[in-house]
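Subject: Handing over a structure, with notes

Dear colleague,

I am passing a structure on to you, and below it you will find my notes on what was found. Please read them with the structure open beside you.

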Amino acid sequence: PYDSFIVRQYQSPDMKSRFEKAARSATEELKVVLAYAANDPWALGRLAQVYHDLGLQQEERHMYETLLTLTPQDSDVHYRLGKLYFELGLMAQ
């Protein structure tokens with residue numbers, strides 16, 4: 001009952017539009033951060049997550065590949081990148 005109301009509310013076209021607008025704004029803000037600190041793992045990870053939320057898999061992939069070069073021992077990055085490669089059909093990666 002209450003839970004289904006919340007789910008329906010956040011699936012409405014208005015809420016989806018608001019989410020996308022906020023996510024795109026976050027993307028631009030994170031790009032500004034990366035312009036000043038191109039190798040900031042936090043900013044790269046957040047941008048990868050925003051790209052994931054927006055369904056922009058190629059952009060997400062690029063962020064995780066960059067992050068992997070900076071933090072090669074980070075198992076979370078390996079997992080997320082491996083899952084993404086699988087979703088993109090890049091099993092050889």
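Two residues are said to be in contact when they have heavy atoms within 4.5 Å. Leaving aside its neighbours within four places in sequence, M63 is in contact by this rule with L44, L47, A48 and Y51.

Before going further, please note that this is a predicted model, in which local features need pLDDT of at least 70 and side-chain atom pairs count only at pLDDT 80 or more, while totals for chains, interfaces and linings use all residues. Residues are numbered from 1 along each chain as its sequence is written, and side-chain values use heavy atoms, with hydrogens and water left out.

The chain as a whole

The secondary structure comes to 5 helices and 0 strands, where helices (H or I, at least four residues) and strands (E, at least two) are DSSP runs numbered from the N terminus. Of the 93 residues of the chain, 24% count as buried; here buried means under 20% relative accessible area, exposed means over 50%, and partly exposed lies in between, with a 1.4 Å probe and protein chains only. The chain exposes about 6600 Å², of which carbon and sulfur atoms supply 56%, the areas coming from the Shrake-Rupley method with a 1.4 Å probe, and only the protein chains shown counting as cover for residues. Among contacts between residues at least 6 apart in sequence, 34% join residues at least 24 apart.

In soluble globular proteins, nonpolar side chains tend to be buried together. A nonpolar core is taken here as a set of buried Ala, Val, Leu, Ile, Met, Phe, Trp, Tyr and Cys residues joined through side-chain atoms within 4.5 Å. The largest such core has 17 residues, and those with the most contacts inside it are L47, M63 and Y64. Helices α2, α3, α4 and α5 each supply at least two residues of this core, and α3 gives the most to it, with 7 residues.

Helix α4 covers residues 57–70, and at 1.5 Å a residue its 14 residues should span 20 Å, which agrees with its end C-alpha atoms being 20 Å apart; the expected span is 1.5 Å times one less than the number of residues. Which residues of α4 are buried? They are E60, R61, M63, Y64 and L67. Seen down the axis of α4, these buried residues fall within an arc of 165°, so they line one face of the helix, the arc being that of the directions from the helix axis to the C-beta atoms. The buried residues of α4 pack against α3 (41–54) and α5 (75–87).

Salt bridges

A salt bridge is counted when a side-chain nitrogen of Lys or Arg lies within 4 Å of a carboxyl oxygen of Asp or Glu, and by this rule the count comes to 5. One of them joins the side chains of E20 and R24 (3.4 Å, N to O), which both lie in helix α2 (residues 13–36), 4 residues apart, about one turn of the helix. E20 is partly exposed, with a relative accessible area of 39%, and R24 is partly exposed at 40%.

In helix α5, R80 and D76 lie 4 residues apart, about one turn of the helix, and their side chains meet in a salt bridge (3.0 Å, N to O). R80 counts as partly exposed at 32% relative accessibility, and D76 is partly exposed at 38%.

With best wishes
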